[in-house]
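Here's a quick briefing to read with the model open next to you.

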Amino acid sequence: IIAAPAMAVDFSTTGYMGIGYRAYQNVGGWDDHVYTNWVQRFELFFHAAASKDLKGVVRFRMDSVPHPWGTAQTGRNALGTWGGEQVTVEVKEAYLDFKIPGIECPTWLRAGVQGFLVRPEVFLAAWGPGVSFRTSMPLADGTFGLSGGWGKIREYDEKVERAVEIMKQKWTVKGENQSANLFFLAGDYKAKAGISGGLYVAWATGNMRADNVTDPIGVTGYNYDAKGNIWWIGLYSDGKVGPFTYNFDLIYNTGREKHKATVYGERESEKQKYNGWLVRGVLTYPYEQFNFGLGGLYVSGVNYKKLAEKGKYTGFVLPFGTETMGPQGDSLIVLSGWGTGPGVVGDIGWASVPWSQARVSGMDLACMGWPGVWGVRLFADYKALNWLTLSGQVAYWGDTVKYGNAFEGPVADKKYDDKDIGLEVNLGAKIDIYKNLAWRLVFGYLFAGDAMDGKTAAGQKERDDPYAFVSTLIYTF
């Protein structure tokens, strides 16, 4: 046996710590109560590099989200418990990253628990086990890049109890077997002129079986099985034309799931078809100390009548487990994360996690992702001082859901199928205390329309307009 010589390993760390204060009303729920809380998140990356072609990375996370400071909870997500000493360290990523030797075109392979990121502001931002690759090569006057991967969403056969919706009814599953996988392939081209664009496809596929299912009236012993395939195809382009900078995304999703179940002694089946799309564009123009911008968004909404009668889900969905809504930051109230900086400490909007991660069906292939909305927004940033940046935005949001509303769900009476979400105003300030320590103050108010008044039936009270104030202190290193 010949012992391999020990290799010198260079260790380095990166990360961030964020502390946030939030005060809000009618954001994420309709009770007119004013909520206030403090939250915190700390993330630490350990990089162990044997060479420029081989490294291992571990990412730890400690936070008090969703359990804020002062919580009576203990353990995971309870960093803010009085007395400290909580077992709250999570491993978010742990992977090997290395260049494959012997290939003329430099190609990197990443294996382990990692972040799968494809246009994370609008599409895929999910973490889990799997394998991915990336490569690039010169082409004409630019660079062509190719990346892809496989993620293992689910693979288990175990006793687990959870609620699933089968044949339009809420059932309880006590024994479950499920396999689900995500595959993606993306190509992009970056020209020297400063314009880039690309195309990607993603495929979520899986099957599921559940035994000892309890039906809505409490009878146990039925079984349920399902299989599904959901596809996404996306186009995008980023670049600079003259003084203008732009970002553009267009995504379409399709697919189907087939569900079978024993219902009151008889075998029944139903299909759920997916057909949704999203388009988003942002244009910015710098002028002296200002940066002016125009943004547009359209997301197809659910038609609850077609869903109930024909099994057609017309809303735009995302791959299961995606955490896209935090980084997109198009608004503070209706969407999530505008002006609050990286991390979850300022992420309190209606479409933030966990709303965006809710299952569309009983299978772990797709999540709700973006709500069915359209919007136009005008925004501006002003560099008032070297350490102070002021921001403002005005946005109008409309509802694209039919026989219901984006955040209020389906309605029995179509007269409550409203289209006016409202006018949102956002104001923000970023104070650079040090180069890597920033304090952000953000306020948002929604002059709510009928689609965001919390009223979905006769006799219900119309709720107050939603608003939120967020203060974040974020240290990056």
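K419 pairs with D417 in a salt bridge, and their closest N and O atoms sit 3.2 Å apart. A salt bridge here means a side-chain nitrogen of Lys or Arg within 4 Å of a carboxyl oxygen of Asp or Glu. Keep in mind that this is a predicted model: local features need pLDDT of at least 70, side-chain atom pairs count only at pLDDT 80 or more, and totals for chains, interfaces and linings use all residues. Residues are numbered from 1 along each chain as its sequence is written, and side-chain values use heavy atoms, with hydrogens and water left out.

**Salt bridges**

- D417 also forms a salt bridge with K414, where the closest N and O atoms are 3.7 Å apart.
- Is D417 buried or exposed? D417 is buried, because its relative accessible area is 10%, and buried means under 20%, exposed over 50%, and partly exposed in between (1.4 Å probe, protein chains only).
- Its two partners are partly exposed: K419 has a relative accessible area of 37%, and K414 comes in at 46%.
- Searching the whole structure turns up 23 salt bridges.
- Another of these pairs is R41 with D63, whose closest N and O atoms are 2.8 Å apart.
- R41 belongs to strand β2 (residues 34-51) and D63 to strand β3 (residues 54-63), so this pair ties together parts that are 22 residues apart in sequence. Strands (E, at least two residues) and helices (H or I, at least four) are DSSP runs, numbered from the N terminus.
- R41 counts as buried at 9% relative accessibility, and D63 counts as buried at 1%.
- There's a network too: salt bridges link E43, R59, R61 and E93.
- As background, side chains of opposite charge can pair when their charged atoms come close.

**Positive surface patch**

- K227, R256, K258, K260, K271, K273, K305, K306, K310, K312 and K402 make up a positive surface patch.
- To be in a patch, a residue needs over 30% relative accessible area and no salt bridge; like charges are joined within 9 Å, and nonpolar side chains (Val, Leu, Ile, Met, Phe, Trp, Tyr) within 5 Å.
- Lys and Arg count as positive and Asp and Glu as negative, while His and the chain ends aren't counted. Each charge is placed at NZ of Lys, CZ of Arg, CG of Asp or CD of Glu.
- Accessible areas come from the Shrake-Rupley method with a 1.4 Å probe, and for residues only the protein chains shown count as cover.
- K306 sits in helix α1 and counts as partly exposed, at 38% relative accessibility.

**Nonpolar cores**

- The largest nonpolar core has 67 residues, and F123, W232 and W370 have the most contacts inside it.
- A core here is a set of buried Ala, Val, Leu, Ile, Met, Phe, Trp, Tyr and Cys residues joined through side-chain atoms within 4.5 Å.
- A second, separate core has six residues, including Y16, V39, V65 and I474.

- Most residues other than glycine have a negative phi, and most peptide bonds are trans.
- The V65 to P66 peptide bond is cis, with omega near 15°. P66 is in the loop between β3 and β4 (90-99).
- D32 isn't a glycine, yet its phi is positive, near 60°. Look for D32 in the loop between β1 (10-25) and β2; D32 is buried, with a relative accessible area of 15%.
- Y403, also not a glycine, has a positive phi of about 60°. Y403 lies in the loop between β18 (388-399) and β19 (404-405) and is partly exposed, at 25% relative accessible area.

**Distances to check**

- T214 is part of strand β9 (residues 195-214) and is buried, with a relative accessible area of 13%.
- How far apart in space are T214 and Y274? The two are 27 Å apart, C-alpha to C-alpha, and 60 residues apart in sequence.
- G349 is in the loop between α2 (325-328) and β16 (366-367) and counts as buried at 4% relative accessibility.
- G349 and A261 are 88 residues apart along the chain, and 37 Å separates their C-alpha atoms.
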